[in-house]
Structure formats: structure tokens, C-alpha cells
Amino acid sequence: MAESRTGTRATPLDPQRDAFELADDVAYLNTAYIGPLLRDVAAAGHAAIERRAAPWRIRPEDFFSEVERLRARTAELLERSGLEGATAEGVALVPSVSYGITTAARNVGLGAGRTVIVLEEQFPSNVYPWRELATDVGGRVVTVARPSDDDWAGAVERAIDERTDVVAVPPVHWTDGTRVDLARVGAAARAVGAALVVDATQALGAVSLPLAEAEPDFLVAACYKWLLGPYSLGILWAAPQRREGRPLEASWMAREGSDDFARVAEYRDDLRPGARRYDVGETANFTLVPMAVAAMERLLDWGVERIEATLAARTHELAAAASTVGATPPPVAARSSHMLGLSLPGGIGTEGLAASLADHAVHVSVRGAAVRVAPHLHTTDEDVARFREALAAAVARG
């Protein structure tokens with residue numbers, strides 16, 4: 001058994017290569033870019049398209065039933081990922097992280113002269129909405145510089161002060177997988193009455209998180225990375241005190257009684273209960289929603305803790321393989337269980353490196369100065385060996 005980052009002893013899973021739509025001769029170490037498609041998810045998508053081709057088979061209740069199923073599965077995954085007591089009432093469906101973050105920005109409040117805390121080189125979906133809001137209200141975005149000791153939480157704690165209204169951060173930095181201790185950040189935010197908004201795209205579904213301790217006001221995640229679902233669909237979780245806010249859209253499906261199609265022209269101002277008010281319009285995406293349900297159910301079947309334990313062992317192997325050719329991963333205490341960013345030996349640049357490895361059927365990303373390596377349950381011992389050999393060849397060429 002292996003110990004997950006949360007200290008839980010979990011049994012790693014055997015490689016699940018057959019569950020994924022992946023060629024045998026490809027070492028895909030790029031889940032943080034786009035998650036590989038599960039066979040279950042692809043099958044759900046094909047079935048959904050076939051049903052859409054016969055619209056007489058789609059009943060009015062189908063506009064809501066599959067959405068509620070996804071909402072329930074998402075809540076279960078959130079609870080297993082560390083958000084104690086998560087229920088479907090807190091889950092909204094959104095088309096993107098930027099949509100979800102903009103919804104949060106509309107509802108947390110930012111005053112003139114007040115600040116929003118973000119990280120240096122944070123993914124832009126959790127930056128641009130805050131910049132626009134700050135411009136509109138006369139606030140300011142404060143960017144926390146990358147700490148030399150990789151202690152992002154400590155750097156955020158030092159940036160928070162009596163002027164802080166919002167702390168908007170991820171659980172891990174998307175460029176290199178260095179961790180952000182959300183429990184510490186959440187406590188520091190609450191101490192000054194600030195809201196915590198989390199973009200969990202690069203963590204949810206792969207690792208457990210201290211969400212119960214962090215107490216985020218809003219949490220957003222795209223489905224197409226570690227949730228192994230479709231593109232153009234994501235989830236937004238709103239804390240109980242944040243479920244009476246104002247949605248971005250004036251959607252008819254978000255209204256009470258919208259499931260009675262015969263009466264939708266009896267216009268109503270009251271919104272559906274919980275976070276459903278924040279749903280994107282046309283929530284009942286008849287292709288993407290069944291795919292996301294299939295992905296969630298497979299993740300729940302595997303179990304977040306076992307996924308994390310498996311990925312922790314793999315990233316350890318990949319870090320060791322990289323070290324043999326002089327590449328340097330972040331310190332173990334600073335990095336997440338499921339992805340890592342490698343620094344190349346001195347004098348070797350990252351330009352063209354991803355393409356060079358791809359020539360050997362090894363797929364990674366370069367983000368900033370880091371070579372980002374992100375395995376999943378499909379990763380095998382052969383993939384690790386192929387990665388080591390391709391990286392060694394690239395480093396030797398300089």
C-alpha cells in the first residue's frame with residue numbers, strides 16, 4: 001500500500017490501460033493538458049449522439065434527469081475529495097472555468113480600494129475575471145510572486161491584509177504541480193473576512209484536498225482534464241451561504257417550475273433551489289452531460305484515494321527517471337501527488353522539447369520554464385522507461 005498526500009493508506013490500482021482510448025505505442029504523460037478519453041465516456045458520447053439523431057426519443061423530463069444525475073455524482077466526488085457534506089444542492093453546471101469564476105466574481109463582492117490575491121503565472125481563467133472586476137469597482141489585483149522555498153501558502157498568507165476581499169487560487173500551480181495548502185490559505189482569508197475562490201481544475205478527480213478546512217466560497221473545475229470528461233463542460237460548487245446570489249444568465253431553465261413545458265410562458269422571477277440558479281443556459285447538453293456522468297462514475301468506482309496513491313507512485317518513478325538524466329523535480333514536500341514540473345540541466349532550454357519527445361511518442365507539456373509531466377492510471381512501466389529514454393536523448397542533444 002502507498003500513503004496518499006492526506007496521510008491515508010490506500011492501495012494503488014493496477015494499470016488501467018484498457019479503460020482508456022489510447023494506442024499501445026504512445027506514452028501519454030499529459031493529463032494536465034487534456035485528459036485521455038475513457039472507453040466508457042466515448043461510448044456514452046456515441047450513444048448520446050444516436051439518441052439526439054432521434055429527437056422523438058427525448059422526453060421533457062430528460063432535460064433535467066441526466067443533469068441531476070451529474071449533479072449528484074459531482075457532489076459525491078467532491079465529498080470523497082475532501083469537501084465534507086457536499087450535496088447536489090451546491091452544484092451548478094458551467095461551460096468553462098472562466099464562466100464559473102466570473103459567476104463567483106459577480107457574487108463575492110469587491111470594494112473600491114480593496115484587493116484580490118492571485119498567484120504569479122496563475123492560469124488566466126482565474127485572473128481575467130478579477131482584473132475586469134477590479135477595473136469596474138476601483139479595486140486591485142495583487143499578484144503573489146513565486147516563493148523561492150515553494151511555500152505558496154506562506155507567500156499568500158503574507159500578501160493577505162485588512163484590504164483583502166478575495167483570495168483566488170488553485171490547489172496546485174498549473175505549470176509545475178507545486179502545491180498550495182488550501183487549509184492555510186482558507187484560514188488566512190477567513191481571518192480578514194475575505195472570500196476564497198478555488199480553481200480546482202488541475203486537482204479535482206486526481207487527489208484529495210483539504211476542502212473542509214479551507215471552506216471555499218466557490219470552487220470551479222473543468223471536466224476535460226483530471227475529471228476525464230468532455231471539453232466545454234465544468235462544475236461550480238457554491239458554499240451554502242453563496243447559493244442565493246445572482247446568476248450570469250437569465251435562463252428559463254433556472255426558474256422554478258421550468259420542468260413543466262406547458263407553463264414556461266407563465267414567467268416567474270423565483271429561481272430553482274440551491275446552486276442551480278448558476279447553471280449555464282441549455283444545461284441539458286444531451287451529448288456532453290452523459291459523457292461527464294460516465295467519467296464521474298468511473299472515478300467514483302476507482303476511488304479518489306486509490307487514484308491519488310497510484311499517481312503518487314508514478315510521479316515518484318517519473319521524477320527518479322528524470323533525475324538520472326539531470327532534470328530536477330520540485331522537492332517532494334512541495335509537489336503534488338499527480339503531476340510535476342521538471343527543470344532541465346543548466347544551459348538546456350525547453351524550446352522544442354515537447355515536440356522532440358513527441359517524435360518518440362512521449363507526450364508532455366512545457367509550461368513556463370517547467371517540463372510538465374502528468375500521468376494517469378493508463379501509465380505503465382513501459383511508459384516510464386520510454387519517457388526516460390526520450391528525455392535522455394533530448395538532454396544529450398542539448
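This is a predicted model: local features need pLDDT of at least 70, side-chain atom pairs count only at pLDDT 80 or more; totals for chains, interfaces and linings use all residues.
1. Ground rules. Local features need pLDDT of at least 70, side-chain atom pairs count only at pLDDT 80 or more, and totals for chains, interfaces and linings use all residues. Residues are numbered from 1 along each chain as its sequence is written, and side-chain values use heavy atoms, with hydrogens and water left out.

2. Take a look at H2 (residues 62-80) and H8 (residues 288-302): they pack at an angle of about 30°, with axes 9 Å apart. Helices here are DSSP runs of H or I, at least four residues, and strands are E runs of at least two, numbered from the N terminus. Axes are lines fitted to C-alpha atoms, for helices over the stretch in contact, and angles run from 0 to 180 degrees between N-to-C directions. H2 and H8 are therefore roughly parallel (angles under 35 degrees).

3. Who touches whom? Contact means heavy atoms within 4.5 Å. The H2 side includes Leu70, Arg73 and Leu77, and the H8 side includes Val293, Met296 and Leu300.

4. H8 is largely enclosed by the rest of the structure, because 13 of its 15 residues are buried (buried is under 20% relative accessible area, exposed over 50%, partly exposed in between; 1.4 Å probe, protein chains only). Just after H8, Gly303 takes a positive phi of about 90°.

5. Two non-glycines also deserve a glance. Glu121, in the loop between S5 (115-119) and H4 (128-137), has a positive phi near 60° and is partly exposed at 46% relative accessible area. Leu228 has a positive phi of about 60°, sits in the loop between S9 (218-222) and S10 (234-238), and is buried at 0%.

Terms used:
Angles under 35 degrees count as roughly parallel, over 145 as roughly antiparallel, 65 to 115 as roughly perpendicular and the rest as oblique.
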